[in-house]
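Subject: Structure for you to look through

Dear colleague,

I am passing on the structure below, together with notes on what was found in it. Please keep it open while you read, so that you can look up each residue as it is named.

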Amino acid sequence: LPIEITAVNTFVLIASAFALFVFNRKMKQEGKPNTQILITTLILGATFLVVQGIEWVRLIGFGLTTSSSLFGAFFYTIIGLHGVHVLVGIAILLYLMRALKRPVDFEAARNTAISCSLYWYFVVAVWPVLYTLVYLN
């Protein structure tokens, strides 16, 4: 398995959570959303997915498929489900960006940001566990 590139990719995903944390903190302090930071979160999340996709194509080329072994089936199921959750998280963050462009009261916008952020933090927090269990064991 591509341990090194996936380790770097893990830091990309963790950086996306940090960017989202900064976004929420600035929104609370300044009273308005900084969409540039939210865009950074989205770009980092999308980068994670693209790198994972490239690695999957390479692994399939090396012969690791769902039918090649029990490990292959397990790998693509577990890592694939996480990838789907990252994709859903990106959609949720896009929804957040769109919701913040509409004129609403600040408290409602902040609550929406917190709800969307909790999902992203969860998806990011699960990844290092998966990386350790699947890639390093």
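A search of the whole structure finds 2 salt bridges, a salt bridge being a side-chain nitrogen of Lys or Arg within 4 Å of a carboxyl oxygen of Asp or Glu. Before I describe them, a word on the source: this is a predicted model, in which local features need pLDDT of at least 70 and side-chain atom pairs count only at pLDDT 80 or more, while totals for chains, interfaces and linings use all residues. Residues are numbered from 1 along each chain as its sequence is written, and side-chain values use heavy atoms, with hydrogens and water left out.

The salt bridges

One of the salt bridges joins the side chains of Glu 30 and Lys 26, at 3.6 Å from N to O. These residues are 4 apart in helix α1, which means that about one helical turn separates Glu 30 from Lys 26. Helices here are DSSP runs (H or I, at least four residues), strands are runs of E with at least two residues, and both are numbered from the N terminus. Glu 30 counts as partly exposed because its relative accessibility is 43%, and Lys 26 is also in the partly exposed class, at 29%; in these terms buried means under 20% relative accessible area, exposed means over 50%, and partly exposed is in between (1.4 Å probe, protein chains only).

Glu 55 forms a salt bridge with Arg 58, and here the closest N and O atoms are 3.3 Å apart. Since they are 3 residues apart in helix α2, Glu 55 and Arg 58 are separated by about one helical turn. Glu 55 is buried, with a relative accessible area of 7%, whereas Arg 58 counts as partly exposed at 42%.

The overall build

The protein has 4 helices and 0 strands, and from the N terminus on its elements run α-α-α-α. Its C-alpha atoms fill a box of roughly 55 × 20 × 20 Å, taken along the principal axes. Of the 137 residues in the protein, 37% are buried. If you take the contacts (heavy atoms within 4.5 Å) between residues at least 6 apart in sequence, 76% of them join residues at least 24 apart. The accessible surface comes to about 7700 Å², and 71% of this belongs to carbon and sulfur atoms; such areas come from the Shrake-Rupley method with a 1.4 Å probe, and for residues only the protein chains shown count as cover.

The core and the aromatic residues

Which residues have the most contacts inside the largest nonpolar core? They are Phe 23, Leu 38, Phe 75, Leu 96, Trp 120 and Trp 127, in a core of 32 residues. α1, α2 (35-61), α3 (70-101) and α4 (106-135) each supply at least two residues of this core, and the largest share, 11 residues, comes from α4. A nonpolar core is a set of buried Ala, Val, Leu, Ile, Met, Phe, Trp, Tyr and Cys residues joined through side-chain atoms within 4.5 Å.

The structure holds 8 aromatic pairs. Among them, Phe 75 and Tyr 76 form an edge-to-face pair, 5.1 Å centre to centre with 85° between the planes. Rings of Phe, Tyr and Trp (its six-membered ring) pair if their centres lie within 6.5 Å, and planes under 30 degrees apart count as stacked, over 60 as edge-to-face and the rest as tilted. Phe 75 is buried, at 0% relative accessible area, and Tyr 76 is buried too, at 9%.

The surface patch

Leu 1, Ile 3, Phe 71, Phe 74 and Leu 136 make a nonpolar surface patch of about 420 Å². Patches are made of residues with over 30% relative accessible area and no salt bridge, with like charges joined within 9 Å and nonpolar side chains (Val, Leu, Ile, Met, Phe, Trp, Tyr) within 5 Å. Leu 1 lies in the segment before α1 (3-30) and counts as partly exposed at 40% relative accessibility. Phe 74, found in helix α3, is partly exposed at 44%.

With best wishes
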